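Please walk me through this structure, part by part.

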Amino acid sequence: MTVLLEVTRLNKRFGGVQAVNDVSFAVDEGQIIGLIGPNGAGKSTVFNLINGISEPDLGQVVFGGRDITGRPAYRIARAGLARAHQIVQPLHGLSVLDNCVVGACFGRENLALPQAQEIAREVADRLGLGDRLELPASALTTAGKKRLELARALAARPRLLLLDEVLAGLNPTETDRMIETVQRIRASGVTILMIEHIMRAVMSLSDRIIVLNLGSKLAEGSPQQIANDPTVIAAYLGDSKLIH
Amino acid sequence: MSGILASVVDGVLVGSIYGLAAMGLTLIWGVMRVINLAHGAIIVLGMFLLYFLATAAGFPIYGAIPVAIGIGFVFGVALYWIAVHRVIGQPELMSLLATFAVNMILIGLGTALWSTSPYNVPVRVPGLRVAGYTFTGTHILAAVIAAVIAGALYLLVYHTRIGKAIRAVASNRDAAELVGIPSAQILSLAFGVGVALASVSGTLIATLFPFTVLSGEAYQLKSFVVTVLGGLGNPAGALLGGVALGLIEGLTTPFMPVDWVPVVEFALFVLCLITFPRGIFAFTKA
Amino acid sequence: MKLVWRRPFPWIITVVALAFALVPYVTNDVQLRESLILAAVYIVLASNLNLMIGYAGYVNFGNIVFFGLGGYFCLFMVNAWRWNVLSASLASGVIVSALALLFGLGILRLRGAFFALATIGVNAAIQQLVTNFEPWGGATGIYLSLDAYGPLGGPRQALWTVYLLVVAATLASLLSSYAIKRSKFGLGLLAIGQNESAAAVLGVPTPLYKALAYSVSAFLPAVVGGLYFYKTGIIEPSGAFSLSLSIEAIVMVMLGGQGTVIGPALGAFLYEEMRRFLLTAAAFSNFQLVIAGALLLTIVLFVPGGLMGFVYRRWPRTQKALE
């Protein structure tokens, strides 16, 4: 198992708040790693530090053996790291297809337009958007926009995919479909690091889970270990006395 | 040597008016993420307001100050509803163009009505003699008034309910709506305050220097430089930044032809933006 | 490039451009030529400005600086070095876009409004520098002597040649706008214009692309500046760096439909017609600014897509043919 992503002693402070406090973990190639924790635990900030939106105050991010700490976001994307955001950011005025083409063109393989268009079409199809390719992205439903967010990230043929709450706001049927999709994505060779609140999804999908609380890493282990860890339960419930 | 000191002190006095003007600009940005490109035109309106009140209506010069604030406020609120309200949620491009269009209309009307000739309002205020130098009375008075208005603004924003509502909307518009604050109305009030500040600074400047319809541009540039020095959305920083700019002007303009001053200020502006994107006095988070 | 010619649009505009070129030439109608050359200049300014405003989403308020600098470089080369106008204007284009690339890398780091203001400042600063630059005639500018038109066969013949060159530049502007829009570079620009941070996360090299767009958008306006001031015979600072014209270019882009290919050209043409009508009717250039401002405000508030935006929304199939 080769290590694809390694974050070491990440720290980030915003004004008076230590949003990320000395967080370290590693993601092996081919795995699905779940990143969970109560609201405000710093999960999205960790993602921002990894993919170049924010620069860590201290610490290091190594991807595929290369130090990408603090590099600009577009270079990190070029290195093969893609992200599907919690609050979707479709390129509204462009068509669904064009959104995916952007991903394919500027991703890891730096494709020319014709090849990118083929790949984009194929990925969009696989994610169920094949019937809506010419629509402007703004015309999609919320579920559709979530799929577009994912399709666009996948079109870049990343090595590592950061999923930020892709299941939020979906009904049970959509949730099941998305879980299947995530499994298929991993099967196609993409390593996944996912922030998620839907516990049944995290438990069923993840090989390992990392728990953050108030900016620090609280626990790390298999889904079973995490589910039975009293400190984790306490963090979510907010009061350790409740479990005694 | 002490000639320079006098220049510096004078620069600080005038700089406080720059700070006042910049406060208007930075307040609007801080509350609603709109850059008011009609800022310069409104400063000009403030200048002409003083001219017409003082010469045509025989108004006492400094009595025009509250009038400028009042009219500026009403005008600002109207401007918000006419030109800004519809473009608030849209890409920045749109609000830039909207306020710029207002600027074009105002300057165009101004030029048509008053041409580009210089206007002047003669103001006689006794000066202050300190250590053998006379500091111009008008400069001192203008600086004092600017400080008073800045103080009043502080009280408004931090010690009134309206101020609290403004801060709430600035922080999170949706959340403010949820707790019952009529956000659009509050935004219009905030815009009105910003415009009032620009208008009254124009009036104050008119007590110091002659002006034309086109003077607004130079003062708008100064406001931008100050905003950048003090940090976007930070009114206290704006005041300090204004004083800093006044200081810099006091130190450099004696050695430079007048035409070059805007060029130097522009260079300063761009350099500051590139090196300190959050302002030199970044008291608050971006 | 081959892909470009498979669609109807490039053919349509080539035919129109040929008509533009030939009609006044064949009928020897000097007045028509003069009004068309002005329209052509505006079209070049507007459609290149569109690359920044409509594609990348950055308002270049000071866009006229390219036109003015192009004019100065060209006239200097023709006057002092005895170059012919074609080489001089092309060389000016290259120099100005190289300068734009350098400048662009710096000022495009600034966000939205500050970039817009910085471009005004660049224009003002350059105007100030040129006014004090003796080799370029300082505040009086450069005057071309009549023998500058010698290589083209005398003044009257030269004016026709320049006209054809300007129409060629106009065609080049429209074709390049079209080709860029259908290219990977154009897609990256459009992504930046839609959401710059999302585009960066997707891998679009935003600093480079923005600077390239700024540089590309400088080339043809600089060339046409050279041609236009050569035709006029003189160039001086306030006319070369006129902020009013710069602003009008923005209004033209918005009027016709920013982001579309034909929009800015249409907007330029319509605005020019409207302006001529107003100048004879109102005879106050101040009201020109008021009307342009009111027009811009109306467009921004109610029809942000401009004319073509409206047409494409109402009749979506026209977008397939026209762009």
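A:Arg208 touches A:Gln31, A:Ile33, A:Glu220, A:Gly221 and A:Ser222, leaving aside residues up to four places away in sequence. Two residues are in contact here if their C-beta atoms, placed from the backbone, lie within 7 Å. This is a predicted model, in which local features need pLDDT of at least 70 and side-chain atom pairs count only at pLDDT 80 or more, while totals for chains, interfaces and linings use all residues. Residues are numbered from 1 along each chain as its sequence is written, and chains are lettered from A and ligands numbered from 1 in the order in which they are written.

A:Arg208 sits in strand 9 of chain A. Helices (H or I, at least four residues) and strands (E, at least two) are DSSP runs, numbered from the N terminus. A:Arg208 counts as partly exposed because it has 18 C-beta neighbours inside 10 Å. The scale is this: a residue is buried if 20 or more other C-beta atoms, placed from the backbone, lie within 10 Å of its own, exposed if 12 or fewer, and partly exposed in between. A:Asp229 is 21 residues from A:Arg208 along the chain, and their C-alpha atoms are separated by 14 Å.

A:Leu214 lies in the loop between strand 9 and strand 10 (216-221) of chain A. A:Leu214 is not a glycine, yet it has a positive phi of about 50°. Most residues other than glycine have a negative phi. A:Leu214 has 15 C-beta neighbours inside 10 Å, so it counts as partly exposed.

A:Glu165 also has a positive phi of about 50°, and it is not a glycine. The loop between strand 7 and helix 6 of chain A holds A:Glu165. Is A:Glu165 buried or partly exposed? It is partly exposed, because it has 18 C-beta neighbours inside 10 Å.

Now take chain A as a whole. It is divided into domain 1 (1-80 + 159-244) and domain 2 (84-157). Such bounds come from an automatic or database domain assignment. The C-alpha centres of the two domains lie 24 Å apart. Their contact takes 15 residues from domain 1 of chain A and 15 residues from domain 2 of chain A. On the domain 1 side, helix 2 (73-78), strand 7 (160-164) and helix 6 (172-187) of chain A each supply at least two residues. By class, that side has seven nonpolar, four polar and four charged residues. Ala, Val, Leu, Ile, Met, Phe, Trp, Tyr, Cys and Pro count as nonpolar, Asp, Glu, Lys and Arg as charged, and the others, Gly among them, as polar.

Next comes chain B and its helices. Two packed helices are described by the angle between their axes and the distance between the axes. Axes are lines fitted to C-alpha atoms, for helices over the stretch in contact, and angles run from 0 to 180 degrees between N-to-C directions. Helix 3 (residues 64-84) and helix 4 (residues 92-114) of chain B pack at about 125°, with their axes 10 Å apart. Helix 3 of chain B and helix 4 of chain B are therefore oblique to each other. Angles under 35 degrees count as roughly parallel, over 145 as roughly antiparallel, 65 to 115 as roughly perpendicular and the rest as oblique. On the helix 3 side, B:Leu79, B:Ala83 and B:Val84 meet B:Ser95, B:Ala98, B:Thr99 and B:Val102 of helix 4 of chain B. The residues of this contact divide into five nonpolar, two polar and no charged.

Helix 6 (residues 161-171) and helix 8 (residues 183-206) of chain B cross at roughly 105°, and their axes come within 10 Å. They are therefore roughly perpendicular to each other. Their contact has eight nonpolar, one polar and no charged residues.

Chain B also meets chain C. The contact takes 30 residues from chain B and 31 residues from chain C. Helix 4 of chain B gives the largest share of the chain B side, 15 residues. That side divides into 25 nonpolar, two polar and three charged residues.

C:Phe277 is in helix 13 (residues 262-281) of chain C. C:Phe277 is exposed, with 10 other C-beta atoms within 10 Å.
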